[in-house]
Amino acid sequence: MSKATRATKMLEQAKIAFTVHSYDYDPDADRIGIQAAEALGETPERVLKTLMALVDGKAVCVIVPSDHEVSMKKLAAAFGGKSAQMMKPADAERMSGYKVGGISPFGQMKKVPTAMEEQAVHHDAVFINGGQRGLQVRLNPRAAASLLNAAVVALVA
C-alpha cells in the first residue's frame, strides 16, 4: 500500500503536521469507520468519517465522528440549504476521486464546500481518511478544518 496519496501530498504542501497509520480494511464491515477505529485501537469519536452529500442538489463534504450519524436537517442548515441527502456511492467516488471506504476530504478531484462536526475540534488529534482504504492520517482537527476552510458546526443527529 502506498502511503503517498493526493491527501497526504496536500497535507505536506500545506505544512500540516500529520502521521500516517495503516490498518486492515474490512470491506464487509457494517460500519467502516467503527471498524477503522477498532483496528487502530482508537475511540470511535476520534476516528472521523468523510461523507459526500448533496444539499439542495449541490455536492458537499461532511466530516463526523465514526460513531455518529449525520442529521440531514443540521447538514442542510450548515450550508444554508433546505434539504440534504447522502450522495450515491458512484457519484461520491466520481466527485472525490477516491473509492468509497477511502474517501478523504483532502486532495479531492473537485473542491466542494466542507463541514466538520464541532465535537471533533475538542480533541488534540483525530484520524481522518488518508485517501486510500486502510489508510488514516492523524492530525490536529483545527488544522484540518482550517486547511479545508470547513465550517465547524453541529452536524450529528
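The model is predicted. Helix α5 spans residues 141-148, the sheet has three strands in the order β1-β7-β6, and serine 83 sits in a loop between α3 and β4.

**Helix α5**
- Pro141, Ala144, Ala145 and Leu148 are the buried residues to look for in this helix.
- They share one side of α5, because the arc they cover around the axis is only 95 degrees.
- In general, an α-helix has 3.6 residues a turn, so residues three or four places apart point the same way.
- The packing partners of the buried α5 residues are β3 (58-65), β5 (114-117), β6 (126-132), β7 (135-139) and β8 (151-153).
- At the start of the helix, asparagine 140 brings a side-chain oxygen to within 2.7 Å of the backbone nitrogen of arginine 142.
- Just after the helix comes asparagine 149, with a positive phi of about 55 degrees.

- Five bridges join β1 and β7, and histidine 21 has glutamine 136 in β7 as its bridge partner.

**Serine 83**
- Serine 83 is partly exposed, with a relative accessible area of 42%.
- Leaving aside residues up to four places away in sequence, serine 83 touches Leu54, Val55, Asp56 and Ala76.
- Glycine 57 is 26 residues from serine 83 in sequence, and their C-alpha atoms are 8.4 Å apart.

Terms used:
Residues are numbered from 1 along each chain as its sequence is written. This is a predicted model: local features need pLDDT of at least 70, side-chain atom pairs count only at pLDDT 80 or more; totals for chains, interfaces and linings use all residues. Side-chain values use heavy atoms; hydrogens and water are left out. Buried means under 20% relative accessible area, exposed over 50%, partly exposed in between (1.4 Å probe, protein chains only). Helices (H or I, at least four residues) and strands (E, at least two) are DSSP runs, numbered from the N terminus. The arc is that of the directions from the helix axis to the C-beta atoms. Contact means heavy atoms within 4.5 Å. A polar contact is a pair of N or O atoms within 3.5 Å; within protein, one must be able to donate a hydrogen and the other to accept it, and residues adjacent in sequence count only if both atoms are side-chain atoms. Two strands pair if DSSP finds at least two bridges between them.
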